[in-house]
Amino acid sequence: MDISEINRKTITTEGGFHFGDPNAPVKVVEFINLRCPFCKMWWKTASAVLDEYEKNGKVERIVKHFDKKKPGLDKGNVLHSYLDYGDPERTREDIDYYVDHLDEWGNLSKADIATYAEDKRQSVKQNNSDQSEAVINETEKANVSMVPTVVIGEHIFDENILEDELKQIIEEELLKNG
């Protein structure tokens, strides 16, 4: 991923789903799409590292579901419309479930994915169009075009990060901000 074109200054901590302490010194902004296998890789790697920091009040994760109009990824957009901004705890469970079961739902039709969300997670379609539009506008301003795109302080990267590298970035940011 070419991160040189990304305008870091236009990426905010507003919007998206917020997991962890809003007063945490380190903010991790994640642009993901639930249908993206690279986002799955990122989510698994990140959660293995960030969950402990999050539990200790050191990291807040801001997850922004990027509704991509790309064939294949548009299936993730269907699930994004079932995520409940009013219940972030439940949404975190739903994200974990959808990531864990990507191979099960990823090749379904869009109509079947909607049924999948309703049957497997007892989810109800939400009116998330304002949130989706805000994320799309932010990605356009920032020149974010790929998922996942992750921002921690001045660091911008994709799923290709080792757990030790992620820990090092978090620790550097904690020294600066904590």
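Q: Why does K27 count as partly exposed?
A: K27 has 23% relative accessibility, so it counts as partly exposed. The scale calls a residue buried under 20% relative accessible area, exposed over 50%, and partly exposed in between (1.4 Å probe, protein chains only). This is a predicted model: local features need pLDDT of at least 70, side-chain atom pairs count only at pLDDT 80 or more, and totals for chains, interfaces and linings use all residues. Residues are numbered from 1 along each chain as its sequence is written, and side-chain values use heavy atoms, with hydrogens and water left out.

Q: Why is E60 called buried?
A: E60 has 4% relative accessibility, so it counts as buried.

Q: What makes the contact of K27 and E60 a salt bridge?
A: Their side chains meet at 2.8 Å, N to O. A salt bridge needs a side-chain nitrogen of Lys or Arg within 4 Å of a carboxyl oxygen of Asp or Glu, so the label holds. K27 lies in strand β2 (residues 26–32) and E60 in strand β3 (residues 59–65), so the pair ties together parts 33 residues apart in sequence. Helices (H or I, at least four residues) and strands (E, at least two) are DSSP runs, numbered from the N terminus.

Q: How many salt bridges does the structure hold?
A: The structure holds 12 salt bridges.

Q: What makes R92 and D51 a salt bridge?
A: The closest N and O atoms of R92 and D51 are 2.7 Å apart. That is within 4 Å, so the pair qualifies. R92 lies in helix α3 (residues 88–100) and D51 in helix α1 (residues 37–55), so the pair ties together parts 41 residues apart in sequence. R92 is buried at 13% relative accessible area, whereas D51 is partly exposed at 26%.

Q: Which parts of the chain does the pair D94 and R121 link?
A: D94 and R121 meet in a salt bridge at 2.7 Å, N to O. D94 sits in helix α3 and R121 in helix α5 (residues 110–121), 27 residues apart. Both residues are buried.

Q: Which residues do salt bridges with shared partners join into one network?
A: E30, D51, E54, R61 and R92 form that network.

Q: How do you know that β2 and β4 pair?
A: Pairing needs at least two DSSP bridges; β2 and β4 have 4, in the antiparallel sense, so they pair. F31 has T149 as its bridge partner in β4.

Q: What joins β4 to β5?
A: 3 bridges join β4 to strand β5 (residues 155–157), and the two run antiparallel. V151 stands opposite I156 in β5. The two strands form a hairpin with 2 residues between them, and G153 in the turn has a positive phi of about 60°.
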